[in-house]
Each structure stands twice: as structure tokens, then as C-alpha cells.
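Visitor: Could you walk me through this structure? I'll ask as I go.

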Amino acid sequence: MAFLTQLSVHASAEGRVGGATENGARYQPRTEMIRIENLGKTFTTADGVVTALENIDVTIEEGEFVSIVGPSGCGKSTLLMCIAGLIEASVGSVMVGSQRVSGPFTELGIVFQEALLLDWRSVLGNVLFQIEMRGLDPKAYESRARELLDRVGLGGFEGKKPWELSGGMRQRVAICRALIHDPPLLLMDEPFGALDTLTREQMNVDLQRLCAQTGKTALFITHSISEAVFLSDRVLVMTPRPGRIIADLPIAFAAETRRLSIRTTVEFAEQEKKIYSIFRSIGVLRDE
Amino acid sequence: MSAQNRRRHAVIAAWGYPTVAFIGFLLLWQLVVMVTQVKRFVLPPPLQVLERGFALADLLLAQTPPTVLAIVLGFAGAVLIGIPLAVLMVASRPLEDCFYPLIVGSQGVPKVALAPVLVVWFGFGILPKVILAMLIAFFPVVINTAVGLRSIDPNYLHLVRSMGAPAWRTYTRLLLPSALPQIFAGFKVAMALAIVGGIVGEMVGANSGLGYLLVVANGNLDMALVFAILVWLVFVSLVLVGIIDIAERLSIPWSRDTRSRHLVQVQS
């Protein structure tokens, strides 16, 4: 697939691409982007009070790609919603940049598991939906939208309707919609969870390059250990409910080595093994 | 099946099958009249009805516009009041608590029974017919619009909140367009009901219109004309509901109903 041929159309290409350091890290952390302090979330249900999240303390640097892996129902989506200000935390605080999150936070782009496209709009119209809902002028962003679509391999599909696209293409449109307003932060909640394995692998490669080129800070939620290792600078491992962060593993692959071939290397397997052994030690995975 | 064959098949399906069904119905009607030897002023045979209908075609056509106008205005009123009311009820819990019991409760009132009251209040002009048609058509518009607005995947709402969109923009650009399939389903029921309202309104108190003509023909025991009017009303209804059907196809080509129709049908 013709994909990401030209370098960074917008934003800064510095950071992740140019910032590979001696120890293999592909960027030099500069400023703090997200600071989560002592965050907790409890829900009141018919069966009583359920603790979804407990004692979450995380700091994410600008330009970092951080994944959260954990079993179903561990509260990782809840954590993402708290960061976006779409769910109010019960205790603790979330700071994004210098702002404390209270109420919906808008300086970000979100991608959900479902593409959530609007059937009555074209591909281009769906990307520009973000702009229109923000009360900005879609005309001013049209060329940027076309460029983004081109970069994710959807050049020539601008006029198609969502139902004419495959699941992977729909998710690519959703990613463009999340990036069109050039937000500093990209939140993704299992964006490839509904895709088949081959499409998913390709999406991983493409997302990795897109993020490396645009230098976005990204928080990525997934079930897939290999997806997390492939994409991330850091992987946060969560326990089953009540969700806590039990490990914070740096993944020190240089950006240019993150290609399909890395998945079969010993180093890659080592990283996966670490996460598997954590899940085994807390009883999420068992042999018998 | 070749594309040309498929197109021919579609034309037969659109026109051929209904025509065959209609002719079959007429034959059955004729058969019932012949076999039971029923009196002509009780059930006239179809040929006599058609004959009477064509003989008085000018009269039927002349009495059609006031009826159609009352129906269309009543339907339009139901839409213009029903949709904003549904939006208000979905947007505001207190408003829903105020209006919902009233709207559901009002369905217990047989609105046809209101027709004489409306005549007393508003006279013999077009207004009471419009109001009656509107009152009957109003309910499916409100309920379907509200259901449509509520049936959206909550993640869409999370998405637009993260875009900082004000509520009105969320309604005009997201919720209302996505509710269109349910809204149109409501429109079809509403139009069928508005036709009932318009005709009943004219039957109770009017000096023109097809409903009035129906009462006069009935009073004269002119059953052939009564049935001719009924057949004509069927055509008028088909046109009115058909217009909504066409508007639906044009405005929501993405509708699952439009796209999945051939899949839910049992393949021969």
C-alpha cells in the first residue's frame, strides 16, 4: 500500500524521527504532557460500589507513545475517559499540559474501537466533521484533510461513503479525523480491536510511522501484548479490577527499527515475555 | 443473472406484481358478488364501481384538492410541532417529565371523537380538518423522533463532546441526521393517519372534499359512488405515502432499510 511516502506534512518532524539517542530511545523526552495523580474511580451499581480504578499515578512526556495493556474490564477504557474528561474521576487529578482536566477536554483527538463515521458524509466530510463541530472553517482545512487521507493510503477515496469502505479503511478515516485539527494528544481505545489480524498488523505499522512523523503524544489502549510492544515507548500493565498499574516497562526500540521484521526478533520476544510473565504472576494468564 | 435481466426483474417487481395483485383483488370481488348474489346497493360489482367512478371523474377530481390540502397541512403541522417537541424532550429531562405523560395520555382520547368538537370551535372550513389530521399524525412523529435521537451509540456523544461542540450543533449535525431512518418510519405512519384525520374531519362537518362527498353518496345509497370514492382514496393515499417513500430514499441512501431489503427477503 502506498503509504506515508512524504515526510511530515505538518507539525514537527523533530522529536521522534530525529531524536534517536545512543541508548536506542527514539526521542528525547522534553516536557510533561499528562500527569495523573492518585486517580481512582468507583461506580455505584445495583450490586453495590465497584472500584474500577485505584491509585493510578502516571506521567507521560510530550512525544511519547504509551500503551496500556490489561485484561477486559480492568478499567483501562475508564482511565482513558478520565483523561479525556468524559468521565469524572472519583478521587485524584489529571493534568494535561498546564491545564487540570475537569469536564470534556478538547485539545486532543480520540479514536474508538468503532470508527464512528457518519454515513451521510463522504470520507472527506467525515474528516472535516471534527473541524465543523469545533466551529472552525472546513474550507481552511480541506487541503490538510486531503493530505492526511493521502498519507494513510486513502488518496482517491475522498468522495466515497463510509459504507463503501472496509473496516481498516474506516478506522484510517477515524484516525485522520482525530488528527485533522493537529492536537498535541492522541487517545486511542482499542482502535484495531475489531479488525482481522493481517489488517491489524498493517495498521500497526502505519500508525507507528504516522506517530513517529508527527511527534504526537499518544495513549493507546489494547489487549494485544505484541501490538503494545511494537508501537510503544512505554507499556503500562494493568491488573484486573480494581485496575492498578502494576508495571511500567520502557520499550527501547529505535523508530527506524520498528518494522514488520522486528516482530520476529529475539529482542521483541524478550519484551513480550516480560509482559506475559507479569500477567502470569498476577493470575491473568494460567497454563492450567 | 445478467445486469439487464436484473433491471427487467426490478421493473416487473415494481409495477408488475402490484398490478397483478390488484387485478386479482378485482376478480375476487367480482366473484364474491356473482356467487353470493348480493344486492347491488349493498356491494356493487367492481365494473359498476369503475364505470360510476369514470362517469363522475370530474366531480372526484374537483373534490380532491381540499381533502389533500387538509391532509398535507395536518401532516406538516404534526412534523413542525412533533420534531422540535421530541428534541426538547430528549434534550431536557424536566421537559420530558412534563410532556411525555401528557402525550401518551392524550393517545387514550379517541381523536376521531374530537371531530364534532373541532367543528363547533373552528367552523366548517378547512381548519378543523387540518387540526384533526395533525392531532392524529402527531404521535408517531414525536415518538419515532425521540426513539431515533436516543438510539445513537453513546461513543458518538463522547466523540463530539471531545470536539467541544455546543448542543445545538450536536443535534443538527449528528443526532437528527442519524435519527432520519426512524423519523421517516414515523412520517409514513403519520401520513397514513393524517389521511384518516382529514377524511373523518370532512365526514363530520364540511361542504366540500372527498369525505363530504362520501357522506352525501352514502346518504343517497349510491354504493357504486361510495366505492368509487374509496378506490380513489386508495390511489391518493398511495401517492401521498409514496412521496414520503421517495423523499426517504433520496435523503437517506445509507439507510439499512434501503440497503438490506434484498437481504432479508427469502431468495427464490
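Visitor: What covers the buried residues of helix 2 of chain A?
Guide: The cover includes helix 3 (138-151) and helix 4 (167-179) of chain A, together with helix 7 (154-162) and helix 8 (167-204) of chain B. This is a predicted model, in which local features need pLDDT of at least 70, side-chain atom pairs count only at pLDDT 80 or more, and totals for chains, interfaces and linings use all residues. Residues are numbered from 1 along each chain as its sequence is written, with chains lettered from A and ligands numbered from 1 in the order in which they are written. Helices here are DSSP runs (H or I, at least four residues), numbered from the N terminus.

Visitor: How many residues of that helix 2 of chain A are buried?
Guide: Nine of the eleven residues of helix 2 of chain A are buried, where buried means that 20 or more other C-beta atoms, placed from the backbone, lie within 10 Å of the residue's own. Among them are Val123(A), Leu124(A), Phe129(A) and Met133(A), and also Asn126(A) and Gln130(A).

Visitor: And what follows helix 2 of chain A?
Guide: Gly135(A) follows, with a positive phi near 75 degrees.

Visitor: How many residues of chain A are in contact with chain B?
Guide: On the chain A side there are 17 residues, in contact with 15 residues of chain B; contact means that the C-beta atoms, placed from the backbone, lie within 7 Å. Helix 2 (residues 123-133) of chain A gives the largest share of the chain A side, three residues. That side divides into ten nonpolar, two polar and five charged residues, with Ala, Val, Leu, Ile, Met, Phe, Trp, Tyr, Cys and Pro counted as nonpolar, Asp, Glu, Lys and Arg as charged, and the others, Gly among them, as polar.

Visitor: Changing topic, which domains does chain A have?
Guide: The assignment, automatic or from a database, gives domain 1 (8-108 + 185-261 + 270-283) and domain 2 (118-182). Their C-alpha centres lie 24 Å apart, and twelve residues of domain 1 are in contact with ten of domain 2.

Visitor: Now chain B: at what angle do helix 2 and helix 10 of chain B cross?
Guide: The axes of helix 2 (residues 46-55) and helix 10 (residues 223-251) of chain B cross at roughly 80 degrees and come within 8 Å, the axes being lines fitted to C-alpha atoms over the stretch in contact, with angles from 0 to 180 degrees between N-to-C directions. Helix 2 of chain B is therefore roughly perpendicular to helix 10 of chain B, a term for angles of 65 to 115 degrees.

Visitor: Which residues meet there, in helix 2 and helix 10 of chain B?
Guide: Gln48(B), Val49(B), Arg52(B) and Gly53(B) in helix 2 of chain B meet residues of helix 10 of chain B including Phe227(B), Val231(B) and Trp232(B).

Note on methods:
Contact = placed C-beta atoms within 7 Å. Helix = DSSP H or I, 4+ residues; strand = E, 2+ residues; numbered from the N terminus. Buried ≥ 20, exposed ≤ 12 C-beta atoms within 10 Å, placed from the backbone. Parallel < 35°, antiparallel > 145°, perpendicular 65-115°, else oblique.
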